[in-house]
Amino acid sequence: IPAYNPAEIEKKWQARWEADGLYHSDVDPQRPKHYALTMLPYPSGDLHIGHWFAMTPSDARARYMRMNGYNVMFPMGFDAFGLPAENAAIKKNVHPKEWTYRNINRMRDQLKSMGAMFDWRREAVSADPKYYRWTQWFFVQLYQHGLAYHKLSPVDWCPTCNTTLAREQVWGDDRHCERCGTPVIKKNLDQWFFRTTRYADELLSYEGINWPERVRVLQTNWIGRSEGAVVKFHTEQGDELEVFTTRPDTLWGVTFMVLAPEHPLVKKITSAEQKAAVEQYVAEAVRQTDVQREATDKEKTGVFTGGYAVNPVSGERIPIWTADYVLMTYGTGAIMAVPAHDQRDFEFARRFGLEVRVVIQPEDMEALDGANLTESVPAHGKMVNSGPMSGTPGAEAFEQVLKYLEANGMGKRAVNYRLRDWLISRQRYWGAPIPMVHCEKCGVVPVPEEQLPVMLPDDVEWRPTGESPLKLHPTWRLTTCPQCGGAAERDTDTMDTFMCSSWYHLRYLSPDYDQGPFDPKEYDYWMPVDTYTGGIEHANMHLIYTRFFHKALRDMGIAHGDEPMLQLRNQGMVLGEDSEKMSKSRGNVVAPDDLVQAYGADALRAYLIFFSRWDQGGPWSSSGIDGTFRWLRRVWAMVVEPVGKDGFVDESAVRVLRRKVHQTLRRVTHDYEHFEFNTIVSSLMELSNEMARLKPATYGSPAWGEAVDIYLRMLSPVTPHIAEELWAYLGKSYSIHTQSWPAVDMEAVQEDEITVVVQVNGKVRGRVTLAADASEEAVKAAALENEGVVKFLEGKTPRQIIVVPKKLINIVV
Ligand code: ANZ
Ligand code: ZN
């Protein structure tokens, strides 16, 4: 009898599967397709336990889908460009390219040790010229369709990474760089943007996709849609001064206005007396970040400009202030302040002694008086002190005032978004060069398609200096203008790596295709992605970008369908044994390679699936994986160890065995369908205990053979190697991974006996246990004879007997 030796069998089967192309996602036209995608790793250098935790259940489910008759594609690749690779390269003083590809080779081997059904023929590496050629091509397409533009703008800049960051890469209240933690600063640069805002409204609709509520809420908040109005004021100098407000119904309550310190009108309206104070205030304010400025707990600061505007609805003269709580990056960069009904304005008014005038009277509050308010009253209500609009009920106020403004040319309906256009330019080396040429005569000219890719040169000073490394290269940027043929210069920035990962699922379709970014035939067959698995931390970055990207491709006629990924599922996080986040500094990092050595990939896979709910994660436990390993050894023994006996089979044990097997199958099927992975393993553990118990009485029977067969099939997505080995040991045809998923025998599932609750007039008075197939009459009869029931019937004849089959009987007297 062979012993369970994972080291031997895992290597053996991995080699065999690879040689046979067992996981090639080939197309059998008889079968439906299933594109299972799991987020690709950065080639950081080491596959960590978190990757295993994310990918193992994804792999198990892809295998499950294959057994259910789908052509399954489950590809893998590397998000190879970008800051993490470059920062690590700088630290270790090796060329980013060398460092990246060395890591990819190592991580590919680590990924292979998982025994996952990755189709390596479809591997895509975003730093390969054959990949980024098409990343650049997409850039040009977006440019030609008006979805990419460049402008001089203040951008968030990380002084440590020496690069611009997208808004999504700036984290926390202190606004630090997502990568290195340094607080960001503002810098004015000529930058490329994608017009994500054009898709803001469409991105708010999640029609046709099954994505977790949590992600939808995060995206919706991130996009941040506000409905309101733009109202046109005029300064006394005659300039138009527009404000965005969500409360046009408070227009008669404006007692001052506030301009962001960066607002272009500040200079013009500032009076001679106020000039010095305003200039000093503005200089201080612009140094702060938006979040610092918006912080609600901070004392309001500001300065009167000396200028005035006119309220269009009342003709009133309104003083104009500048204050840092008004941001230049939102709305119009100016506000009408209504201190009675907006808390920030209220605090400001109290601080500087400005009038607080009530213009909204909520129905359920006693009459408000601005002078006595201790805080603003943001609730909606009847309009008061509002000239011709006074008396308008709260429910109509917004629409009525809008109508009034529009009729009088004083303003119009407007929608504002928190979402900003996607800043693409990075002043870094390790990325896809932006395929644009700057010509003095022709302006910005895209590199023609046949000249792509614009190759990233190897011989550069990639250590950051604050300038784009490509700019410092002696010759790289010098080129000729594709339009006029004159001397011109290349754009020396590279693209945000999120651009590369916005379309990797498309490159997997045909990673060697050179007629376009992907083979349309493959696209038509495999897209959209059916299930996408990965971390929730990507809710606001990658997962918005990739949706935007897809919609843009659709509108350019390159892709079709409205969404790239139909179903999304997020995993939680593996924590250290101490329940803390794993990190080198805490010394609680678990290295998967060591565990594969000690226990084998199967035990690690099974433990990672078993130890917590996948969508929640939890702390790692070394004794836990030990237990999982011992379970696999018991499974092994259950299959390979014969029972010496005389061939007697106990028929009632057979019935119990089959019932347990099919009940487990029913549950496990449900769990695979619903991404409830941990209960798959616990159900299988429970079943193997039961099978071991029933083995002596059923061994040698068809039922035992069936039990083992179904057991191995259910097990195979979780622990593919041991399942394959035992399958072969039993002499069954190779491979277990091409077998079909077993069907539940509904008859076997039935319990022999059932327990029915008996109520008298709706109160539980007893329980009767009967054969599962007992007739309704028999159930009624048994119920009426039940001791407790007889007592409560007190000899009365029932008026009615209500039967809920197999569950409950209610006797009404
Ligand atoms: C007058 C008013 C009265 C306002 C009232 C609110 C309540 P959301 O919901 O986030 O879109 N606002 C507009 N632009 C701003 C800017 N650049 N910086 C700071 N605040 C700005 O917020 C919209 C409201 O935020 C707008 O409506 C405006 O104040 C303010 F009882 O206008 B409101
Ligand atoms: Zn030119």
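Helices here are DSSP runs of H or I with at least four residues, strands are DSSP runs of E with at least two, and both are numbered from the N terminus. You are looking at a predicted model, in which local features need pLDDT of at least 70, side-chain atom pairs count only at pLDDT 80 or more, and totals for chains, interfaces and linings use all residues. Residues are numbered from 1 along each chain as its sequence is written, while chains are lettered from A and ligands numbered from 1 in the order in which they are written.

**Stop one: helix 3**

Select residues 83-92, which make up helix 3. Its buried residues are Leu-83, Ala-85, Glu-86 and Ala-89; buried means that 20 or more other C-beta atoms, placed from the backbone, lie within 10 Å of the residue's own, and exposed means 12 or fewer. Look down the helix axis: the buried residues fall within an arc of 165°, so they line one face of helix 3. The arc is taken from the directions from the axis to the C-beta atoms. Now find Lys-91 and Lys-92, exposed on the other side of helix 3.

Select strand 22 (443-446) and strand 23 (478-480), the edge strands, each pairing on one side only. Two strands pair if DSSP finds at least two bridges between them. The four strands of this open sheet run in the order 22-21-24-23, with antiparallel pairing.

Finally, show strand 21 (residues 436-439) with strand 24 (residues 487-490), which pair over two bridges. Click on Val-437: its bridge partner in strand 24 is Arg-490.
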